[in-house]
Amino acid sequence: MIKPLAIGMVGYGFMARAHTNAYKRVNDFFPDLAYRPVLQAVCGRDAEKVKAFGDQWGYASHETDWRSLVCRPDIDAVDICVPNNLHKEIALAAAAAGKMILCEKPLSITTAEGKEMCEAVESAGVANTVWYNYRRIPAITLAKQLIDSGRLGRIYHFRANFLQDWTISSDVPQGGTATWRLDSTAAGSGVTGDLLSHCIDTALWLNGKIKDVSAMTETFVKERVHADTGQVQPVGIDDACAFLCHFENGSLGMFESTRYARGHKALFTFEINGENASIRWDLHDLNRLEYFEHGKDSIVRGWRTIHVTEGEMPYMNHWWVPGLSIGYEHSFVHQVADFLGSLEQGEPCQPDFRSALQTQAVCEAVLQSGKTREWVSIK
Ligand SMILES: NC(=O)c1ccc[n+]([C@@H]2O[C@H](COP(=O)([O-])OP(=O)(O)OC[C@H]3O[C@@H](n4cnc5c(N)ncnc54)[C@H](O)[C@@H]3O)[C@@H](O)[C@H]2O)c1
């Protein structure tokens, strides 16, 4: 008998849509799961808008205060899809109410807050995960398998970029519904927490722990109108960030993120160079993994492009036939499938809060180094 898992969704924006789509699709494509998500309730402050979202996507009910949602006895798992400054408070309340928690990234605003969140879920004994969904893009999961199998040999370099261009105009406001990412109170930081956190999670997963960082951060537009107050206020977020790091395995890391790279909308790329082989990946072509193997046969040596659609490749036997691509939204379906699978196995679904705390610690060290212009060790 398949067991229902009643979802209480907090938020009805971009991520609420991505996650709800995943809850609706997962059992159709992963029919062996022991649990089935049920869209029990969605929460947002605007009653009319949240009801419209709930009706459109098929939620059984709605709430206008997340405090009521997390206490409802008919909710099993709380999904946190709201701005970053709300993650901690909602997670602590949900853990106290004994609910499982699926929390959007970044885990928290500060590492200290993240620690509190870890302690809360661990002492409540509730299942928890953080939506670093890029781990579940099949090409990235395949990269992990190739690295873990030792094919690359010793790793020398890890470099990653996440480039956008949507805040170049000084007319873009800070704060409010669509632009909370520019408001340091709501977002905590700029590109570091929003974009580099994805690159860092992927790097920690693929290449292990980071020892120390040296960063530079910049805020190109120093003042913007605040959407809530209408006043011109100083901008507290980092518009751009680049950092160097040492990994514990001896390799060197280089990371860059900006919202001022004209022409780029969401260019997440990474490359790993090992002694025997290299790997390269690009979000714009997410089904492909580029791979170079330094074999003995020099006349056919070269980069190859692996189209990650074969049934024996990660997750792909759940979808179409070889050669047919999947998209961004499937990474969320995979994360839900893995979360439900981990419930059945009684194991943590990675990254759990404790694992996401490592990403938080790197982000915090990067921001500190950007201010002090000194190398900062990761505690
Ligand atoms: N995993 C990813 O790739 C990814 C992508 C985008 C965003 N995110 C993360 O997801 C979270 C949400 O981002 P988004 O893009 O969905 O934002 P969004 O602006 O599209 O949606 C935010 C939602 O939160 C609601 N909200 C704000 N304050 C609230 C409150 N007090 N109570 C209830 N609801 C409230 C808003 O009404 C809105 O529905 C952020 O933490 C962000 O970093 C992750």
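This is a predicted model: local features need pLDDT of at least 70, side-chain atom pairs count only at pLDDT 80 or more; totals for chains, interfaces and linings use all residues.

Visitor: Okay! And how many bridges join E1 to E2?
Guide: Eight bridges link strand E1, residues 3–10, with E2, and these two strands run parallel.

Visitor: What is the strand order in the open sheet of six strands?
Guide: The order is E3-E2-E1-E4-E5-E6, and the pairing is parallel.

Visitor: Which ones are the edge strands?
Guide: Those are strand E3 (62–63) and E6, since each pairs on one side only.

Visitor: Which strands does H1 lie across?
Guide: H1 lies across E1, E2 and strand E4 (77–80). Its direction is at about 150° to that of E2.

Visitor: New topic. What domains does the assignment give for the chain?
Guide: The assignment gives domain 1, covering 3–133, and domain 2, covering 135–377. Their C-alpha centres are 23 Å apart.

Visitor: How many residues of each domain are in contact with the other?
Guide: On the domain 1 side there are 36, in contact with 37 residues of domain 2.

Visitor: Which element supplies the largest share of the domain 1 side?
Guide: H1 does, with eight residues. Elements that each give at least two residues to that side include helix H5 (111–124) and strand E6 (128–130).

Visitor: And what classes of residue make up that side of domain 1?
Guide: The side that touches domain 2 has 22 nonpolar, 11 polar and three charged residues.

Visitor: Let's switch to helices. At what angle do H6 and H8 pack?
Guide: Helix H6 (residues 138–148) and helix H8 (residues 191–207) pack at about 30°, and their axes are 9 Å apart. Angles under 35 degrees count as roughly parallel, so H6 is roughly parallel to H8.

Visitor: Which residues make the contact?
Guide: From H6 there are Ile 140, Ala 143, Lys 144 and Ile 147, and from H8 there are Thr 202, Trp 205 and Leu 206. By class, that contact has five nonpolar residues, one polar and one charged.

Visitor: Last one, zooming out. How many helices and strands are in the chain?
Guide: The chain has 10 helices and 17 strands. Its radius of gyration is 21 Å, close to the 21 Å that the globule rule gives for 379 residues, so the chain is as compact as a globular protein of that length. The C-alpha trace spans about 65 × 55 × 40 Å along its principal axes.

Note on methods
Residues are numbered from 1 along each chain as its sequence is written. Axes are lines fitted to C-alpha atoms, for helices over the stretch in contact, and angles run from 0 to 180 degrees between N-to-C directions. Helices (H or I, at least four residues) and strands (E, at least two) are DSSP runs, numbered from the N terminus. Angles under 35 degrees count as roughly parallel, over 145 as roughly antiparallel, 65 to 115 as roughly perpendicular and the rest as oblique. Two residues are in contact if their C-beta atoms, placed from the backbone, lie within 7 Å. Ala, Val, Leu, Ile, Met, Phe, Trp, Tyr, Cys and Pro count as nonpolar, Asp, Glu, Lys and Arg as charged, and the others, Gly among them, as polar. Domain bounds come from an automatic or database domain assignment. Two strands pair if DSSP finds at least two bridges between them. The radius of gyration is taken over C-alpha atoms; the globule rule is 2.2 Å times the number of residues to the power 0.38.
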